[in-house]
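Good morning, and thank you for joining this meeting. Please look at the sequence and the structure while I speak.

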Amino acid sequence: MLDHFDSIELYDAKNEHHLAKKIRQAFLYDLSHWIDNIEISLAPGLRNLTPDMIRAYFKSVFLKHQIQGWEFRSWDGQDMQELSSERFPVFLQQEAVVRRYVVVETPKYWFLIGPTRLANQNPFSFRRFLFEDSDVSGQYIYLTHFVVEREEVNLPANKANILMQLSRMYTLERSVNEAVKIFINSSKDLLIRYIYPLIRKPLATDGRPIEAIIEERMQNFEKQFSILILNKLPRIFDIALKDINDLEFFYYHLDWLIANVTNCLRDFCLQPLASFSLVAKRTTLRLVSMRMLTHRIRNYLNDVTIEAEQKQKLFMAPMQYLDKQLTEVEEEQSTIDILTEEVLYYQKQVETSGFLRRLITPKAPKYSLEELTQYRHQLNENFFMSIIRLAKDQKQLIVYPEFECNIIIDENFRHYAFIDGELGLTRLPKLLCLPEKRDSFDFQTVRQQINADVFRTNQEWG
């Protein structure tokens, strides 16, 4: 049923999209009531699952993830290092680092959820939660999920049982290339040592406008994230591309990295001083869009029959097309400016000249000011619509966050995220901001946005 909802083709209309989202959410809320009113009869299996555990997972993990989507959050090994042992047992924190599981907390249970074999699989799937895999003999059972009852977790007998069952949990690292593992582990360490502290550092109050302070913070964040982590991705990807297990491991943890940095920025935006900052929200939007784009371009990235140069050309084609269109508009605009000056000069000559002077006044210009103004407006309108058409034609390479991610940061503007950097991995996407009211659109702002680069100095940004 959910697949049917998601497969419905929607037009580029926000109201229609929001209505479809509300219908989908209403269906999910109905499911939460349905699960409470049915009888669950299921073999307990190795984990001794009870109907209460099943209902809790269905509502607090599966349904919540379906409703929240990109905003759904869980703990990982790094998060647990910041928690006290009273909140979460030390032995489970240690196992989380080894087993790479994430934790979803409910009032009664901790759900420990192992990584998926494939990067595009849903780790929070209800079917996956219920499934217990076994070897050919049927004697050894493998787990992807485990349920811990919070009240009895520290009892010796329960602790031993938990550790025994955790030993059955899937791990992705058994046969992964060492260079890929080292990169992932070092990236997570860099997040903890440099990226998170930079984002979480209290905002300075040095007399400057708060938006200027936040803009500087976002620039510094993007520079550090690019230098420390993103710039290394193409080299690691080349290594991972040689083996499917390495590749899935790479994609899984790349998604994890982007998701956790996004969550950290969302927390930053919850601060009173940053809650209305468009610069911070747009940076978050770029991260969410990058996460979606890295999912979309995987088939291209994985195709070993296509050279890296061809892939790069393909990924950058929308931005190059936009740049070409903009150049043509700028040239036409320059012509209009010259013609406008000629008309104004002619009118001035006519108004200030005497009778005899008017007899030798140059021939009247071909266009009137009204016609030139109308042509200028039409030029603006046509360019605006060309951007909309480009985004519709290149859905694999351009993200419309308000429509596709259901994230609206300003009702008066729409945003389009374009792939940037080497193979779309070394830079956050470029974000194009267009007003919803076409009359207020100015093509000159597009040039500034597509040329934005935090590694250049003396430029407006954000």
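**A helix, an arginine and a sheet**

Among the elements that cover the buried residues of α7 are α5 (90–99), β2 (109–113) and β5 (145–149). Helices (H or I, at least four residues) and strands (E, at least two) are DSSP runs, numbered from the N terminus. This is a predicted model, in which local features need pLDDT of at least 70, side-chain atom pairs count only at pLDDT 80 or more, and totals for chains, interfaces and linings use all residues. Residues are numbered from 1 along each chain as its sequence is written, and side-chain values use heavy atoms, with hydrogens and water left out.

Which residues of helix α7 are buried? In α7, residues 156–166, they are I162, Q165 and L166. They lie on the same side of α7, because their arc around the axis is only 100 degrees; the arc is that of the directions from the helix axis to the C-beta atoms. P156 and A157, on the other side of α7, are exposed. Buried means under 20% relative accessible area and exposed over 50%, with partly exposed in between (1.4 Å probe, protein chains only).

Q165 is also one of the residues that R47 touches, where contact means heavy atoms within 4.5 Å. R47 sits in the loop between α2 (14–36) and α3 (51–68). Its relative accessibility is 6%, so R47 counts as buried. The side chain of R47 reaches the backbone oxygen of F129 at 2.8 Å.

Finally, the sheet. Three strands form an open sheet in the order β6-β7-β8, with antiparallel pairing. Two strands pair if DSSP finds at least two bridges between them; β7 (residues 413–418) and β8 are joined by 6 bridges.

Notes. Polar contact = N/O pair within 3.5 Å; in protein donor to acceptor, adjacent residues only side chain to side chain. Lists of a residue's contacts leave out its neighbours within four places in sequence.
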